[in-house]
Amino acid sequence: FGDQEQGNDGSPVLSSKVGVQGQVFTIVNDESYYYPDLIRGWIQDGNYGSDIARYTGSTTGTSRNNQVCSSYSPITWQVDRKCHLISASSFDKMCADMKQQRDDMSDDLYAHGAREVVANNIAGNNL
């Protein structure tokens with residue numbers, strides 16, 4: 001890892017370099033909600049991305065819980081508080097774009113599990 005800071009388990013400390021942005025969608029069969037470039041990041045158009053919660057947290061996934069934390073913590077999260085409409089074809093396009101990337105994104109083309117909710121006594125209070 002060169003001169004990059006390392007965590008207790010030897011993995012690189014990425015918390016100063018990694019952030020997560022998230023948006024929640026209701027998928028509809030209506031092309032007026034088509035966004036062709038989801039691969040480039042979240043949508044900031046109209047009221048999309050206008051009411052953001054920012055906080056520190058951990059990575060996601062079923063391998064992390066209240067006993068096993070991510071070595072990449074803390075991660076800065078930016079989450080759109082609103083649920084937006086988006087066309088099903090927008091996700092079809094994003095999956096097609098993912099398949100065209102130089103890095104193999106095949107493992108990201110299906111739904112993944114989520115980590116358990118963090119216990120209140122160990123959660124950050126910086127929302």
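Two strands pair if DSSP finds at least two bridges between them, and helices (H or I, at least four residues) and strands (E, at least two) are DSSP runs, numbered from the N terminus. The model is predicted, so that local features need pLDDT of at least 70 and side-chain atom pairs count only at pLDDT 80 or more, while totals for chains, interfaces and linings use all residues. Residues are numbered from 1 along each chain as its sequence is written, and side-chain values use heavy atoms, with hydrogens and water left out.

**View 1. The open sheet and the parallel pair β1 and β3.** Strand β3 (residues 75–87) runs parallel to β1, and nine bridges join the two; within this pairing, T26 has L85 of β3 as its bridge partner. The sheet is open and consists of three strands in the order β1-β3-β2, with mixed pairing. Because β1 and β2 stand at the edges and each has a single partner strand, one side of each is left without a neighbour in the sheet. Neighbouring strands of this sheet are turned by 30° against each other on average, direction ignored; axes are lines fitted to C-alpha atoms, for helices over the stretch in contact, and angles run from 0 to 180 degrees between N-to-C directions.

View 2. Helix α1 (residues 88–99) lies across β1 and β3 and runs at about 130° to β3. D97 counts as buried because its relative accessibility is 16%, whereas K93, at 28%, is partly exposed; buried means under 20% relative accessible area, exposed over 50%, and partly exposed in between (1.4 Å probe, protein chains only).

**View 3. The salt-bridge network around D51.** A search of the whole structure finds three salt bridges, and D51, R81 and K82 are linked in a network of them. The side chains of D51 and R81 meet at 3.1 Å, N to O, a pair that links distant parts of the chain, with D51 in the loop between β1 and β2 and R81 in strand β3, 30 residues apart. For the salt bridge between D51 and K82, the closest N and O atoms are 3.9 Å apart; since K82 also lies in strand β3, this pair ties together parts that are 31 residues apart in sequence. D51 is partly exposed at 29% relative accessibility, R81 is exposed at 52%, and K82 is partly exposed at 35%.

View 4. S87 has its place in strand β3 and counts as buried, with 0% relative accessibility. Its side chain makes a polar contact of 2.9 Å with the side chain of S90, a polar contact being a pair of N or O atoms within 3.5 Å, of which, within protein, one must be able to donate a hydrogen and the other to accept it, and residues adjacent in sequence count only if both atoms are side-chain atoms. Leaving aside residues up to four places away in sequence, S87 touches I27, V28, D30, E31, Y33 and Y34, where contact means heavy atoms within 4.5 Å.

View 5. S32 lies in the loop between β1 (19–28) and β2 (52–57) and counts as exposed, at 57% relative accessibility. A polar contact of 2.7 Å joins the side chains of S32 and D30. S32 and I86 are 54 residues apart in sequence, with 8.4 Å between them in space, C-alpha to C-alpha.

Note on methods: Salt bridge = Lys/Arg side-chain N within 4 Å of Asp/Glu carboxyl O.
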